[in-house]
Amino acid sequence: MSGRRSRSKQSSVSSITDDQITDLVSKLQHLIPELRRRRFDKVSTSKVLQETCNYIRSLHREVEDLSDRLSQLLASTDSDSDQAAIIRSLLMQ
Amino acid sequence: MNNPHHLNPTSLKSRFTTRFLRALTKIRAQKPISSSSPTEIFRRYRRIKAAADKSMAYSVRSRRIWSRAMLWKLRSRSYRRQDPCSGRRSGKTNQAIMKKSSNENTTTRREDGVGFVEEADELRQLVPGGETMNLCNLLDETAHYIKCLTTQVQVMKKIADFYSF
């Protein structure tokens, strides 16, 4: 990656290095399903951030959909004894 | 990630699951006369969504900038409901969060030809507390936030599937 600034040129306030940014961006890249397959390609930071935003939005939507689904499901169930079973099965995985 | 065959009672997943299930039980216990009317279902939807966010924020506590921001938002919302004069208190807490996250590394803009300022700002809108974060923190917090969101989705899906049969 070109453009590695020498420390003396940077202002004394900023201590973020290009390497730090690159590392953090690639860490993000691995978390996003869209980009995980392109792990060995050079994906631009702009693209990673873009896809990150899309991914977060889709996760938010999933939470909303699931809350919606649960609100309908809870209307019809009564018993509380399933709870222990749920917890056990959830945590076993 | 973790060994799937060992129960880890302190994992984020189990902390969230326990809290969220507890909240769901409370919500279910509030049985109005017509528990299947659209209004009631919508009300329950809002409570469930709030419970999901609350459970996640409390499971992470104040270890992260985004969770601190979320907790502050949740608390100030409930303060405002009880006491309309608490606006000043909320303002002070927000400053405290801002100070904590932008002390060092105050560069938030990298307009050096790398060209992702807009995308970074868009991301800031999506991550709780993002507006106060410098780029480094933003990237780090986002990674953790995504991990927590996927855990949240995973658990909620399992619960919904369970109740679907």
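Leaving aside neighbours within four places in sequence, Y145(B) is in contact with I56(A), H60(A), W66(B), L126(B), V127(B) and P128(B). The model is a predicted one, and this briefing looks at the helix that holds Y145(B), namely α6 of chain B, together with helix α5 of chain B, against which α6 packs.

- Y145(B) has a relative accessibility of 5% and counts as buried, because buried means under 20% relative accessible area.
- Although Y145(B) and V60(B) are 85 residues apart in sequence, their C-alpha atoms are 10.0 Å apart in space.

**Packing of the two helices**
- Helix α5 (residues 117–126) of chain B and helix α6 (residues 135–163) of chain B pack at an angle of about 50 degrees, and their axes are 11 Å apart.
- The two helices, α5(B) and α6(B), are therefore oblique to each other, and the crossing in which α5(B) passes α6(B) is left-handed.
- On the side of α5(B), the residues that take part are A120(B), L123(B), R124(B) and L126(B), and they meet L135(B), L138(B), T142(B) and Y145(B) in α6(B).
- The residues of this contact between α5(B) and α6(B) comprise six nonpolar, one polar and one charged.

**Surroundings of E141(B)**
- Helix α6 of chain B also contains E141(B), which is buried, with a relative accessible area of 5%.
- The side chain of E141(B) reaches the backbone nitrogen of I65(B) at 3.0 Å.
- When residues up to four places away in sequence are not counted, E141(B) touches R64(B), I65(B), W66(B) and M133(B).

Definitions and conventions. Residues numbered from 1 in each chain as written. Chains lettered and ligands numbered in written order. Predicted model: local features only at pLDDT ≥ 70, side-chain atom pairs only at ≥ 80, totals over all residues. Heavy atoms only, no water. Axes fitted to C-alpha atoms, helices over the stretch in contact; angles between N-to-C directions. Helix = DSSP H or I, 4+ residues; strand = E, 2+ residues; numbered from the N terminus. Parallel < 35°, antiparallel > 145°, perpendicular 65-115°, else oblique. Left-handed = near helix turned anticlockwise from the far one by under 90°. Contact = heavy atoms within 4.5 Å. Nonpolar A, V, L, I, M, F, W, Y, C, P; charged D, E, K, R; others polar. Buried < 20%, exposed > 50% of the residue type's maximum accessible area, 1.4 Å probe, protein only. Polar contact = N/O pair within 3.5 Å; in protein donor to acceptor, adjacent residues only side chain to side chain.
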